[in-house]
Amino acid sequence: MINRDVLRIIIAKGSGDGNLKKISKYIANEPSCILSDVCNDIALMCSLGINQDIAKNIYDSRENALFLEEQLYQNHVEMCWIGDECFPVGLKKLNVGNIPAVLFYQGNYALLQNKCVGFTGSRKVSDSGIRIADSSARQLSTEGISVVSGYAKGVDLTAHKAALQAGGSTIFVIVEGILKNRIKREVKELLSDDNHLFISQFLPNLTWSASNAMKRNNTIVGVSDAMILIEAGMDGGTFNAGEQSIKNKKPLFVVEYGVSKPTAEGNKFFLQHGGMPLRGDKNGNPILKRVYSSLQDNKIKENYEQLSLNLS
């Protein structure tokens with residue numbers, strides 16, 4: 001369901017996620033107060049620490065919010081914000097500054113209730129990395145586990161496509177606003193009503209940016225129960241995803257290659273800083289036994305909570 005008052009807050013000039021979180025916290029402690037009460041009371045918004053000019057912008061943003069609401073409905077987009085019961089629990093457990101305040105989505109939102117494993121890896125992944133990502137996603141899918149990734153070329157699209165081809169489900173966490181999303185040819189013919197979900201934490205008409213790609217990594221980590229890192233350099237988006245997995249105490253499984261690869265220099269780093277090795281059998285197929293174990297019990301997660309790492 002589209003919440004027009006949430007739209008008012010996030011689209012108002014100078015406002016955004018931060019103010020929505022402030023208001024959400026206030027409402028949680030004031031059960032008799034609803035979101036529209038706050039949006040229609042400039043003095044109340046100011047008392048919550050919102051700048052007066054911004055509070056007025058929120059108050060005046062009703063028409064723009066209505067226009068955006070109509071756009072979302074026309075494109076079959078729904079939303080869930082941090083004040084809703086349906087907001088993913090895993091996102092609420094992220095480090096406070098990384099929690100998105102709202103998700104816009106298209107597709108089967110119930111997939112977020114599944115066990116989910118996130119994939120991260122280079123756009124310029126090696127052939128070995130492609131094969132490992134493909135095999136891992138197919139194995140997970142046969143066990144009813146949803147595959148989560150960032151919808152970029154390379155590892156992301158390989159994992160999404162393999163999950164769908166295996167009859168499983170996948171969650172696309174996109175960098176653009178949901179109204180800017182386009183179905184890519186690699187997966188277009190594989191999508192059905194119930195086997196996928198597109199989610200975006202950004203304003204619906206926002207275009208791609210590198211900084212938002214980093215923020216998107218946190219969301220992938222948050223909605224996943226474990227992460228698989230295929231290949232990472234020593235900087236960039238995949239390295240950031242590995243960092244966020246460790247910092248947010250998310251089980252991180254890192255492909256351990258027998259021969260070092262220039263596209264996987266970061267793998268060794270993460271294996272030395274809390275990542276668990278993902279190895280293959282005699283045929284080179286990844287062995288996911290420990291991944292499955294991390295989804296069934298809390299032993300690995302408890303070990304992560306005891307880690308004290310400095311990844312700066």
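# Close-up views of a predicted model

**View 1. Helix 1 and helix 6 pass each other in a right-handed crossing.** A crossing is right-handed if the near helix is turned clockwise from the far one by less than a right angle, and left-handed if anticlockwise. This is a predicted model, in which local features need pLDDT of at least 70 and side-chain atom pairs count only at pLDDT 80 or more, while totals for chains, interfaces and linings use all residues. Residues are numbered from 1 along each chain as its sequence is written, and side-chain values use heavy atoms, leaving out hydrogens and water. Helix 1 covers residues 4-11 and helix 6 covers residues 62-74; helices (H or I, at least four residues) and strands (E, at least two) are DSSP runs numbered from the N terminus. Their axes are 9 Å apart, at an angle of about 115°. Such axes are lines fitted to C-alpha atoms, for helices over the stretch in contact, with angles from 0 to 180 degrees between N-to-C directions. Look for Arg 4, Leu 7, Arg 8 and Ile 11 of helix 1, which meet residues of helix 6 including Leu 68, Glu 69 and Leu 72; contact means heavy atoms within 4.5 Å.

**View 2. Phe 104 sits in the largest nonpolar core.** This core has 66 residues, and Leu 7, Leu 72, Phe 104 and Ile 171 are those with the most contacts inside it. A nonpolar core is a set of buried Ala, Val, Leu, Ile, Met, Phe, Trp, Tyr and Cys residues joined through side-chain atoms within 4.5 Å; buried means under 20% relative accessible area, exposed over 50%, and partly exposed in between (1.4 Å probe, protein chains only). Leaving aside neighbours within four places in sequence, Phe 104 is in contact with residues including Leu 7, Leu 72, Met 79 and Phe 198. A second, separate core of 25 residues includes Ile 132, Ala 133, Val 255 and Tyr 257.

**View 3. Helix 8 crosses helix 9 at roughly 35°.** The axes of helix 8 (residues 127-142) and helix 9 (residues 155-165) come within 8 Å, and the crossing is right-handed. Among the residues that meet here are Ala 133 and Ala 137 of helix 8, and Ala 159 and Ala 162 of helix 9. Seven residues of the contact are nonpolar, three polar and two charged.

**View 4. Helix 11 is largely enclosed by the rest of the structure, because 10 of its 14 residues are buried.** Among the buried ones are Asn 212, Arg 216, Ile 220 and Val 223.

**View 5. Ile 54 is found in helix 5, residues 52-59.** At 18% relative accessibility, Ile 54 counts as buried. Ile 54 and Asn 19 are 35 residues apart in sequence, yet 9.5 Å apart in space, C-alpha to C-alpha. Setting aside neighbours within four places in sequence, Ile 54 is in contact with Lys 13, Gly 14, Ser 15 and Asn 19.

**View 6. Tyr 151 has a positive phi, near 65°, and Lys 249 has one of about 60°.** Most residues other than glycine have a negative phi. Tyr 151 lies in the loop between strand 4 and helix 9, where Tyr 151 is buried at 4% relative accessible area. Lys 249 lies in the loop between helix 12 and strand 8 and, at 42% relative accessibility, counts as partly exposed.

Technical notes: Ala, Val, Leu, Ile, Met, Phe, Trp, Tyr, Cys and Pro count as nonpolar, Asp, Glu, Lys and Arg as charged, and the others, Gly among them, as polar.
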